[in-house]
Amino acid sequence: MTRPIQAIIHPAALVNNLLVARQAAPSAKIMSVVKANGYGHGLLRVAKALEDSDGFAVLSVGEAVRLREAGFTQPILLLEGVFHSGELSIVSELGLSIVVHSVEQIEMLKRGWSPVKLNIFLKLNTGMNRLGFAPDAFPSALATLQACAIVGQITLMTHFATADEAAGVSDQLTRFKALTQDIALPRSLANSAACLRYPETHGDWVRPGIMLYGASPFATQHADDLGLQPAMSLVSEIIGIQNVKAGEPVGYGGTYRAERAMRIGIVACGYADGYPRHAGTGTPILVMGRRTRTLGCVSMDMLAVDLSEMPDAGVGSPVTLWGEGLSVEEVARAAGTISYELLCARAERVPVVEGA
Ligand SMILES: *Cc1c(COP(=O)(O)O)cnc(C)c1O
């Protein structure tokens, strides 16, 4: 008997969510973002379900190698470009596209050699202040790249800091437009939130990530309402039952004390599986498809749930930590984090299986 915890991946949901992205941005090509092992869903499994994507975006050469070896021929973008000049030969060999965000990376290209021209996504810092050329450094970065022998197609790129929030994209978009208005090059700006909410950002390539996995990028809008379906269900089972008297403590630290005589279920899932330890008492959870709440501290390998109103639940009853019937966003909110972190945090020891 193996532990009952599993991450069930739903390929049909991925296919559906890609379609939602296409419908949201009908004139743009879709660069499906599959970094972080496909947001925890498994790189190749996700790429296969999303094979109709026009391109894929990853972080490392290693991920790109895996995609090419699996037969994917689409453009593959390295979202932070190369980290040292030694990576340029494999970039050239695999025909990867690379972000260029720093003068150091431009220097690598000036000194580098490639038998084929490399496609560049030139990153502008329009206000997020993370990666990219500041507005005053952008014109000379572009000119230098255009004069660089091994540089082929250049696409102008930026990334939004608040596309998912009330602040929106207008400040950054205005800056981007002012800098690029007279330049006839392709553009790529939109993450999931901008893809769904701001058609004016779509340009030539949109870069959806989280929406493809069926989570809403917006705190104020549910995934269902956007037509998105969860691509991962994290499921397990009840492995133990405790009947406690009023006032008895539950779990490490005794942080929760039974409000009355209670029936408690112990679930085979803990923080070593990627379930957030910061999810306190009251975090929603499904037992036999019905909603209940967690109790006390999440342990490394287990957590406790309230079965007081579920006399029919017992050892072996199915549990959904998140996924179909319970959005990962809701669990994330209860843990003071975002869906992205929970999906990416799925631990290696949680087997991934393909579901419907
Ligand atoms: C991760 C990432 C995305 C995808 O963002 P989502 O919010 O998941 O849609 C898009 N662009 C860049 C540069 C990224 O790093």
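The backbone oxygen of Val116 lies 2.4 Å from a polar atom in the side chain of Ser114. Ser114 also reaches out with its side chain to that of Ser92, making a polar contact at 2.8 Å (a polar contact is a pair of N or O atoms within 3.5 Å; within protein, one must be able to donate a hydrogen and the other to accept it, and residues adjacent in sequence count only if both atoms are side-chain atoms).

Before going on, a word on what you're looking at: this is a predicted model, where local features need pLDDT of at least 70 and side-chain atom pairs count only at pLDDT 80 or more, while totals for chains, interfaces and linings use all residues. Residues are numbered from 1 along each chain as its sequence is written, and side-chain values use heavy atoms, with hydrogens and water left out.

Back to Ser114, which sits in the loop between helix H6 (103–111) and strand E6 (118–123). Helices (H or I, at least four residues) and strands (E, at least two) are DSSP runs, numbered from the N terminus. Ser114 counts as buried because its relative accessibility is 9%; buried means under 20% relative accessible area, exposed over 50%, and partly exposed in between (1.4 Å probe, protein chains only). Setting aside neighbours within four places in sequence, Ser114 is in contact with Ser92 and Ile150, contact being heavy atoms within 4.5 Å.

Now hop to another loop, the one between strand E16 (303–306) and strand E17 (318–322), where you'll find Gly314. Gly314 is buried too, since its relative accessible area is 16%. Residues up to four places away aside, Gly314 touches Ile238, Ile241 and Arg263. Its C-alpha atom is 9.5 Å from that of Ile266, 48 residues apart along the chain.

Next, the ligand. There are 13 residues around it, and the closest are Lys35, Tyr39, Ser192, Ile210 and Tyr340 (a residue counts if one of its heavy atoms lies within 4 Å). Oxygen atoms of the ligand lie 2.7 Å from a side-chain N or O atom of Lys35, 2.5 Å from a polar side-chain atom of Ser192 and 2.6 Å from one of Tyr340. Taken alone, the ligand exposes 390 Å², and the protein buries 92% of that; such areas come from the Shrake-Rupley method with a 1.4 Å probe, and for residues only the protein chains shown count as cover.

Zooming out, the protein has eleven helices and 18 strands. Of its 356 residues, 53% are buried.
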